[in-house]
Number of protein chains: 2
Amino acid sequence: RASKMDANDSIKILLATDNHIGYMEKHPIRKEDSFWSFDEVLQIAKDREVDLVLLAGDLFHENKPSRKTLHRTMAILRKHLFGSRPVGINVVSDQSMNFRSGQVNYEDENLNIELPIFTIHGNHDDPAGDGELSAVDLLSVCSLVNYFGRVHDHKDVRITPILMAKGEVKVAVYGLGHIRDERLCRLFKEGNVKWVQPVGDMNDWFNIFVLHQNRVRHTPKGALTDDMFPEFLDMVVWGHEHECLIEPVKGSAREFEVTQPGSSVATSLIEGEAKKKHVAMLEVTKSGYKFEPIPLQTVRPFLIEDVVLGDEPSIDPKRPETITEFLASKVEQLIEQAANENKPNKSYPNLHMPLVRLRVDYTGFTTVNSQRFGQKFVNRVANSEDILLFTKKRSLGKRPTLA
Amino acid sequence: RASKMDANDSIKILLATDNHIGYMEKHPIRKEDSFWSFDEVLQIAKDREVDLVLLAGDLFHENKPSRKTLHRTMAILRKHLFGSRPVGINVVSDQSMNFRSGQVNYEDENLNIELPIFTIHGNHDDPAGDGELSAVDLLSVCSLVNYFGRVHDHKDVRITPILMAKGEVKVAVYGLGHIRDERLCRLFKEGNVKWVQPVGDMNDWFNIFVLHQNRVRHTPKGALTDDMFPEFLDMVVWGHEHECLIEPVKGSAREFEVTQPGSSVATSLIEGEAKKKHVAMLEVTKSGYKFEPIPLQTVRPFLIEDVVLGDEPSIDPKRPETITEFLASKVEQLIEQAANENKPNKSYPNLHMPLVRLRVDYTGFTTVNSQRFGQKFVNRVANSEDILLFTKKRSLGKRPTLA
Ligand SMILES: [Mn+2]
Ligand SMILES: [Mn+2]
Ligand SMILES: [Mn+2]
Ligand SMILES: [Mn+2]
């Protein structure tokens, strides 16, 4: 496939993932962050007049979102979904196989939907409890999203694509909601994952695979690798990993491209989450595609820095107050840096107030009370309660996280 | 007002209340009951082509309905709400004053609603928690119901009617969601409940008041009495009381009529809940109204009987097995009676299996182990686990219940 655009029809897809709606919903400063960013994602989708939004899981942060979070999410969806712009794509696959609800929402003649959203579930919002329902099912039964990629037989996984056509452009979306890595690896290795392919020439279709699994090998229990996926794929949209690595890269053992959009809100104060966050527009034509990362404007600034107390001449081990003084001056620097890069915005009160994380190698020194230290920065740093993270022996490497 | 029908336009209202959706949702036999009856209520509304459904609270049994119950309720609502039959009524009052959502759902041009449902909240589904949201708010934000009658200032209650017009017929619906009886009584007595009246001649309007409070004076703390309500009302729809007393009766101190629809599912095994359950069609014309109770077909048969062991010659106090024998024969009789009156229906598996309650005055005798007794009637009585209720000294009078 060439990656050059044709003047012909195209299918425009907004890619985003891991919105973690409801994250920190009770935090005095950060409570709005996840809602603002999800709202922005949908606003971008509307402004760009995309044909669909494709989300890769962890729409909700909690398996049982609070009533308030559910209510607000529904309100945001309603605000953006409805309208009279015609939906350009046509779902030509068996919808009863694709969707829990049995039908793509915009084909319901009782609803006037102009922005169809398709999502799989993540590990945060996976199906659970009586009836094995996901919180996403509540949105689905109200026709607010199209929930797909759910595996019904965990011994024999069949990935049945949603086939979308618009004029001569054809996109097949293969979805796989989160399954425990170990189990899914085993299923792949034992050949129990079947890819249902459209009838006819596979080359007619632009084949997208959307999943929500560990990508980096965090633990010895293993994660998926892209050589487990079939050659016929054109693009893999990898959810769950929060670091924005959205620019597509070639698979390690395959020709397809892999995009990792990353989360729209930082849920861990680690390096990967400090990168600028994006969504992307994928525009597929008959002969290729165009890919455009779009930076999010509603993400709270997050600055992270590593310091080693032993390297700082201003610190006197016999005068612990010099540690506090040094760390406070570091935080002041980061606050100033954030202030230079981010201006207040009336629409998003306090959003310019940064997250700051100092990782402090204190080998040979004592720690500082992190809570008390933070009191100096209340209302200047969004996470004043946990600015400092003390580590020893420069062991500042990556640690496993639950994304 | 005459109660004779005109040939003119009319506004048809289906009255129902206390659906307690989700009640006993985990019970092996009774789990479907509340869903079936709510579904039937809406089916009746559709079949009768009413202009609206008016519910008087306790739509949900639990303040936090399970995900499964929410999901299923949404599915039932969606099944009945949508369609192309034009809605005949026009809401002419300030909708932002009436509805939490700011707009009556069928006026949303993005939705094709043919059956508008209006509801207040009850004590079971009252607003609570962060954001003071009711479970009904989740239905409201999805445009599945029109939630009204919520008091925002608990010191100064204003009851603002929904004004509905259809041709020359005009109906004003005053709603008041559940408030603690004691508090509400005080508000009434201190003159802090204001009734906002429509401009113009009050006689042009058929004035309905829908509330959800204790009606019977259960406790010394007092309940509302209808002399607290204004003279201009034509009909009071009284929710919360589960006994079906749907046929309108004159107020005790006022000229208006009071209808108490009662619950659509029995949530206590007491006499009041054993009565045949109904909803009603209220048809308002320019010069009067017609009122038609409609029996529900999906209510589980419930038979209740009082026995006094001391009155039974077959019982020998020295032979406790004679007590069990006597009680078992009584239950057999009730099962037979239920079987004669209710036939199995494939659409509602097990619905003909009755609820049976024997209230046993055992003065002078010993009790029987109720659990063990019930084992004989598993799969013949829907509540085999709690058939027997032992009382003393013939104190079989009414006891307070939380309806
Ligand atoms: Mn995840
Ligand atoms: Mn995530
Ligand atoms: Mn009640
Ligand atoms: Mn009730």
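Student: Is B:Glu271 buried, partly exposed or exposed, and what is its relative accessibility?

Tutor: In this predicted model, B:Glu271 counts as partly exposed because its relative accessibility is 46%. Its salt-bridge partner, B:Arg359, counts as buried because the relative accessibility there is 10%.

Student: Where do A:Arg254 and A:Glu231 lie?

Tutor: The side chains of A:Arg254 and A:Glu231 also meet in a salt bridge, at 3.8 Å from N to O. A:Arg254 is in the loop between S12 and strand S13 (257-260) of chain A, and A:Glu231 is in the loop between S10 and S11 of chain A, so the pair ties together parts that are 23 residues apart in sequence. A:Arg254 is buried, at 19% relative accessibility, while A:Glu231 is exposed, with a relative accessible area of 53%.

Student: Which residues are linked with A:Asp137 in a network of salt bridges?

Tutor: A:Asp137 is linked with A:Arg100 and A:Arg150 in such a network.

Student: How is the interface of chain A and chain B to be read, and what area is buried there?

Tutor: The size of an interface is often given as the accessible area lost when the parts come together. Between chain A and chain B the buried area is about 2500 Å², and carbon and sulfur atoms give 58% of this area. A:Arg67, A:Arg78 and A:Asn110 supply 30% of the area that chain A buries against chain B, more than any other three residues. In terms of contacts, 30 residues of chain A meet 31 residues of chain B.

Student: How many salt bridges and polar contacts are found across the interface of chain A and chain B?

Tutor: There are 4 salt bridges across the interface of chain A and chain B. The side chains of A:Arg78 and B:Asp108 meet in a salt bridge at 2.6 Å, N to O. On the side of chain A that touches chain B, the elements that give two or more residues are helix H2 (67-81) and helix H4 (135-141) of chain A. H2(A) gives the most to this side, with 7 residues. The residues of this side of chain A divide into 13 nonpolar, 8 polar and 9 charged.

Student: Which residues coordinate the manganese ion (ligand 2)?

Tutor: A metal site is read through its donor atoms. The manganese ion (ligand 2) is coordinated by A:Asp18 (OD), A:His20 (NE2), A:Asp58 (OD) and A:His242 (NE2), at 2.0 to 2.2 Å. In sequence, the donor residues follow the spacing D-x1-H-x37-D-x183-H. The manganese ion (ligand 2) and the manganese ion (ligand 1) are 3.2 Å apart, and A:Asp58 coordinates both.

Student: Are A:His20 and A:His242 buried or exposed?

Tutor: A:His20 counts as buried because its relative accessibility is 0%, and A:His242 counts as buried at 5%.

Student: What does the side chain of A:Asn214 make polar contacts with?

Tutor: The side chain of A:Asn214 makes a polar contact with the side chain of A:Asp181, at 2.5 Å, and with the side chain of A:His240, at 3.2 Å. A:Asn214 is located in the loop between strand S10 (206-212) and S11 of chain A, and counts as buried, at 17% relative accessibility. Leaving aside residues up to four places away in sequence, A:Asn214 touches A:Asp181, A:Ala223, A:Leu224, A:Trp238, A:His240 and A:Glu241.

Conventions
Residues are numbered from 1 along each chain as its sequence is written. Chains are lettered from A and ligands numbered from 1 in the order in which they are written. This is a predicted model: local features need pLDDT of at least 70, side-chain atom pairs count only at pLDDT 80 or more; totals for chains, interfaces and linings use all residues. Side-chain values use heavy atoms; hydrogens and water are left out. Donors are N, O and S atoms within 2.8 Å of the metal (3.2 Å for Na, K and Ca); water is not among the atoms, so sites may look incomplete. Buried means under 20% relative accessible area, exposed over 50%, partly exposed in between (1.4 Å probe, protein chains only). Contact means heavy atoms within 4.5 Å. Buried area is the accessible area (1.4 Å probe) that two parts lose on being put together, summed over both. Helices (H or I, at least four residues) and strands (E, at least two) are DSSP runs, numbered from the N terminus. Ala, Val, Leu, Ile, Met, Phe, Trp, Tyr, Cys and Pro count as nonpolar, Asp, Glu, Lys and Arg as charged, and the others, Gly among them, as polar. A polar contact is a pair of N or O atoms within 3.5 Å; within protein, one must be able to donate a hydrogen and the other to accept it, and residues adjacent in sequence count only if both atoms are side-chain atoms.
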